[in-house]
Amino acid sequence: MADSIQGLKRSSMCADLTEANIGEKVTLMGWCHKCRDLGGLTFITLRDRTGEIQLVISPDASEELKAKASSIRSEFVLAAVGEVALRSAPNPKMKTGTIEVNVEDLRIISEAQTTPFYIEDDDTANEALRLKYRYLDLRRPCMQKNLMFRHRIAKCARDYYDEAGFIEIETPMLGKSTPEGARDYLVPSRVKNGSFFALPQSPQLYKQLLMLAGYDRYFQIAKCFRDEDLRADRQPEFTQIDLEMSFVECEDVMKVTEGFLVRVFKEVMDMDIELPIRRIPYAEAMERYGSDKPDLRFGLELKNITEIAKKIDFIVFKGAIDLGGSVRAVVVPNGASMTRKEIDALGEVCKTYKAKGMAWLVPSKEPRGSFLKFLTPELISEIAEATGAGENDLICIVADKDKVTFDALGALRCEAAKKLGLIDPNDFKLCWVTEFPMFEYSEEEGRYMAMHHPFTCPMDEDLEYLETDKSKLRSKAYDIVLNGCELGGGSIRIHNRDLQMRVFKALGFTEESAQEQFGFLLDAFTYGVPPHGGLAFGLDRMVMLMGHCSSIREVIAFPKVQNSSDLMTEAPAPVEAKQLAELGIEVSVPEKEEDVEDGAIFD
């Protein structure tokens, strides 16, 4: 029968004790990490969320105490009372490695079965197993460290924005389904069969309405939902640090954001961020780095060699140029030593981003390359000079539409940097990417779509292109990028009803369809709207990047896997027929649901 904690009050957390506490009587509670019975002398490593400390039951203890100690196993929940003493054999790997507690009273509060995996940071258990028993996985010190790290960032955000005059306001979880890019998660209405709420992809419309309502500085740590394919830095439900401001321009929002980044890096990581953070226009980011979220921790910039390629009688280059594309290159330092297999692997990276292939050249005294027969010594020299390549370097070339070329070489430069060890994991490089295109053309849809969302304000000097050439229209949008990942993004919003309708029409909305989807917003715009803009940080992604985690799942207490299922609760799951009847819903179930292998549920 389990013991009770009646009469005991925890006086300290395990890892909060130091040598200053020697001689004090303490009461500790936690989990048994390890227990070693040395025949009368028993050592127990007690663990709570602060860390571990060693408990000692001496040979002089009562037989009852020694018997109880010998029955303890890993993950038993214990309460211990004893005196803090200097440890005779210090353990430098433990925070409390110079002290121990000589136990006078020991209680077993709860017993535990043998766990399906060791509660250790270096445990090699399959991730699917760890997620199935997530409550055990969360006991691991690294997971507890991640969630406490997340708490500190969230607290810093609340403190900073409160001090900066922002008001925290919650927005609804149940709203109207509106086209915002990803698929909505829908919630059926019981009282209005056939109608649905949508879970918010972001608080975008509500926070704009709050600006109209006069709350000129809003923020919220908001839960958001998007039904889209997952990857290492994406989840179906995620958290944003969301903010909006009235009577502002781009620089005002960016300045407030930079202040928060300075604060959070200093408070949480004791790192100084240099201001102002570098600004890179979107067009420059694509030309130099092949990405609108460039990683600035290394070079390997893209080089445009289209003019030289025009002189080369190579059908791959000519075909791309004739179709309005370009020929660009990335130089891999000392890449001449790479094997053909390694070079082909870089080519496969390019193919992942829809490139038809990758041409390559080593401009050494005895040059090598995949299209060498089309080159003269003069052309080789021109390519080497234009790209800045030396004799021992590898020039990787992609010819295609600009978007494909940028995407492929942008990914290749990152992959090459990893292989060459050019990335310092302790280096944090921030930048702003600005002047995004207002629209991007979707091959699948056969039309232009909003690059961010339809409420983003176009740049004033580009308004003439709204009805004539959408490809030239830039927006007042900005993304904050950290080490090649989008940390947050925002824009100045449209606050004029007529301009908002022009944008809707450019996106294919009729007056009627715009009113049907966004009537409440358009109506609100007739009652006096201040200029406003904002930004949203991805909190999960911020914690992942700042905490050096490889997956966003490591910083979320109860995450989903790639097919959006929860391995612990087995959600989503069927519901009773009675519940469906109340909602007026009939469900069509496939005859046989294919099994999914463990490896297929992770990115």
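Student: How many bridges join strand 14 to strand 16, and in which direction do the two run?

Tutor: Strands of a sheet pair through backbone hydrogen bonds, either parallel or antiparallel. Here strand 14 (residues 359-362) and strand 16 (residues 394-400) run antiparallel and are joined by three bridges. Two strands count as paired if DSSP finds at least two bridges between them; helices (H or I, at least four residues) and strands (E, at least two) are DSSP runs numbered from the N terminus. The model is predicted, so local features need pLDDT of at least 70 and side-chain atom pairs pLDDT 80 or more, while totals for chains, interfaces and linings use all residues. Residues are numbered from 1 along each chain as its sequence is written, and side-chain values use heavy atoms, without hydrogens or water.

Student: What is the strand order of the open sheet, and which strands are at its edges?

Tutor: The sheet has five strands in the order 12-13-16-14-15, with antiparallel pairing. Strand 12 (303-304) and strand 15 (368-369) are the edge strands, each pairing on one side only.

Student: Which helix lies across strand 13, strand 14 and strand 16?

Tutor: That is helix 9 (residues 315-322), running at about 45° to strand 16. Strand 13 covers 326-332. The angle is taken from 0 to 180 degrees between N-to-C directions of axes fitted to C-alpha atoms, for helices over the stretch in contact, where contact means heavy atoms within 4.5 Å.

Student: How many salt bridges are there?

Tutor: The count is 48, with a side-chain nitrogen of Lys or Arg within 4 Å of a carboxyl oxygen of Asp or Glu as the criterion. One of them joins Lys25 and Glu104, at 3.2 Å from N to O. This pair links Lys25 in strand 1 (residues 25-37) to Glu104 in strand 5 (residues 99-110), 79 residues apart.

Student: Is Lys25 buried or exposed?

Tutor: Lys25 is exposed, at 58% relative accessibility, and Glu104 is partly exposed at 45%. Buried means under 20% relative accessible area, exposed over 50%, and partly exposed in between (1.4 Å probe, protein chains only).

Student: Which residue forms a salt bridge with Arg150?

Tutor: Asp540 does, with the closest N and O atoms 2.7 Å apart. Arg150 sits in helix 4 (residues 141-163) and Asp540 in helix 15 (residues 539-546), 390 residues apart. Arg150 is buried because its relative accessibility is 15%; Asp540 is buried at 3%.

Student: What about Asp270 and Lys266?

Tutor: Their side chains meet in a salt bridge at 3.2 Å, N to O. Asp270 is exposed at 58%, whereas Lys266 is partly exposed at 37%. Elsewhere, salt bridges with shared partners join Arg130, Arg134, Asp137, Arg140 and Glu554 into one network.

Student: How many aromatic pairs are there?

Tutor: There are 20. Rings of Phe, Tyr and Trp (its six-membered ring) pair if their centres lie within 6.5 Å; planes under 30 degrees apart are stacked, over 60 edge-to-face, and the rest tilted. Tyr161 and Phe260 are tilted because their planes stand at 35°, with centres 5.4 Å apart. Tyr161 is in helix 4 and Phe260 in helix 6 (residues 250-269), so the pair ties together parts 99 residues apart in sequence. Both Tyr161 and Phe260 are buried.

Student: How are the rings of Phe455 and Phe504 arranged, edge-to-face or otherwise?

Tutor: Phe455 and Phe504 are edge-to-face, at 6.3 Å centre to centre and 85° between the planes. Phe455 is buried at 1%, as is Phe504 at 0%.
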